[in-house]
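Here is a walk through one protein model and its ligand. Keep the sequence and the 3D view open side by side as you read.

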Amino acid sequence: MSKERYIQAKQNWAEKQKALGRTARIDRSKDRLPPGQKLTTGFPVLDLGVKPNIPLSEWRLTLSGLIEKPLTLSWDDFNALPQVEDTSDFHCVTTWSKYDCQWKGVAFTTLYELVSPKADAAFVYFTGNDGYSTNVPLEQCLDDDVLIATSFNGAPLPLEHGGPARVIIPKLYAWKGSKFVNGISFLKEDKLGFWEVRGYSNTADPWTEDRYA
Ligand SMILES: Nc1nc2c(c(=O)[nH]1)N[C@H]1C(S)=C(S)[C@@H](COP(=O)(O)O)O[C@H]1N2
Ligand SMILES: [Mo]
């Protein structure tokens, strides 16, 4: 993970914020539906049959692995961090897509700054309170639209959609974003998550229909 890549990500963020309300919306509307996807106006729920209802007083997010400052955040700690909003499209590998999801929460880059990953950290392994896990290259987590969302369309994120907090990585199929997130671990080697060990693609790019490995 190079310093340059991190700085570039922050710069992209600034440029995107500047462009919001000007051209960003229009740019995104071109060729918006990835191949093989159907647009839905509802919001289907996909989970492992478990919706872990953790009281906010007991909620924790633990950041661990190859970082200078290992950290466990309480709900209050987490919500005291700078908040960002981002509107993005959501693509599920089971072929539905949902446009214009309004997420609000903490940017991944904010957590990155807080824990100072070591130079050899190259992969991120996310876990959820339902026993879920998924893995993403660190570099892809630094894009300006990656966040840990606690709000959806102006209201607290409902439990069925991963509340109180879930990971959103719009450019990948949605299984790469853990609902009910409780752990973020920084690793040197890649480690496959729940669906990745069960035949789903490790790279999960909706634009190339990169669904199954
Ligand atoms: N913790 C957890 N995160 C998860 C899942 C899950 O079962 N558990 N399912 C994934 C899949 S396959 C998709 S498509 C999205 C679904 O999010 P939704 O239920 O809000 O539509 O969450 C992803 N994150
Ligand atoms: Mo999915």
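Strands S6 and S7 run antiparallel and are joined by five bridges. Strands here are DSSP runs of E with at least two residues, helices are runs of H or I with at least four, and both are numbered from the N terminus. Two strands count as paired if DSSP finds at least two bridges between them. Across this pairing, Thr127 stands opposite Ser133 in S7. The two strands form a hairpin with four residues between them, and there Gly131 takes a positive phi near 90°.

A word on the ground rules. This is a predicted model, in which local features need pLDDT of at least 70, side-chain atom pairs count only at pLDDT 80 or more, and totals for chains, interfaces and linings use all residues. Residues are numbered from 1 along each chain as its sequence is written, chains are lettered from A and ligands numbered from 1 in the order in which they are written, and side-chain values use heavy atoms, with hydrogens and water left out.

Now turn to the other partner of S6. Six bridges join S6 to S11, again in the antiparallel sense. Here Phe126 faces Ile184 in S11. Strands of a sheet pair through backbone hydrogen bonds, either parallel or antiparallel.

Step back to the whole sheet. Five strands make it up, in the order S3-S2-S11-S6-S7. The sheet is open and its pairing is mixed. S3 (71–74) and S7 (133–137) each have a single partner strand, so one side of each is left without a neighbour in the sheet. On average, neighbouring strands are turned by 15° against each other, direction ignored. Such angles run from 0 to 180 degrees between N-to-C directions, with axes as lines fitted to C-alpha atoms, for helices over the stretch in contact.

At the S3 end, S2 (residues 60–65) pairs with S3 in the antiparallel sense over four bridges. The two form a hairpin with five residues between them. Leu63 has Leu71 of S3 as its bridge partner, and Thr62 has Thr72.

Helix H4 (residues 108–115) lies across S2, S3, S6 (123–128) and S11 (181–187). Contact here means heavy atoms within 4.5 Å. The helix runs at about 60° to S11.

His161 places a polar side-chain atom 2.7 Å from an oxygen atom of ligand 1. Arg166 also has a polar side-chain atom 2.7 Å from an oxygen atom of the ligand. Taken alone, ligand 1 exposes 530 Å², and the protein buries 98% of that. These areas come from the Shrake-Rupley method with a 1.4 Å probe.

Two backbone details remain. A cis peptide bond joins Gly163 and Pro164, with omega about 10°. Pro164 sits in the loop between S9 (155–156) and S10 (166–168). Asp100, in strand S5 (residues 96–107), has a positive phi near 55°. Most residues other than glycine have a negative phi, and most peptide bonds are trans.

Terms used
Polar contact = N/O pair within 3.5 Å; in protein donor to acceptor, adjacent residues only side chain to side chain.
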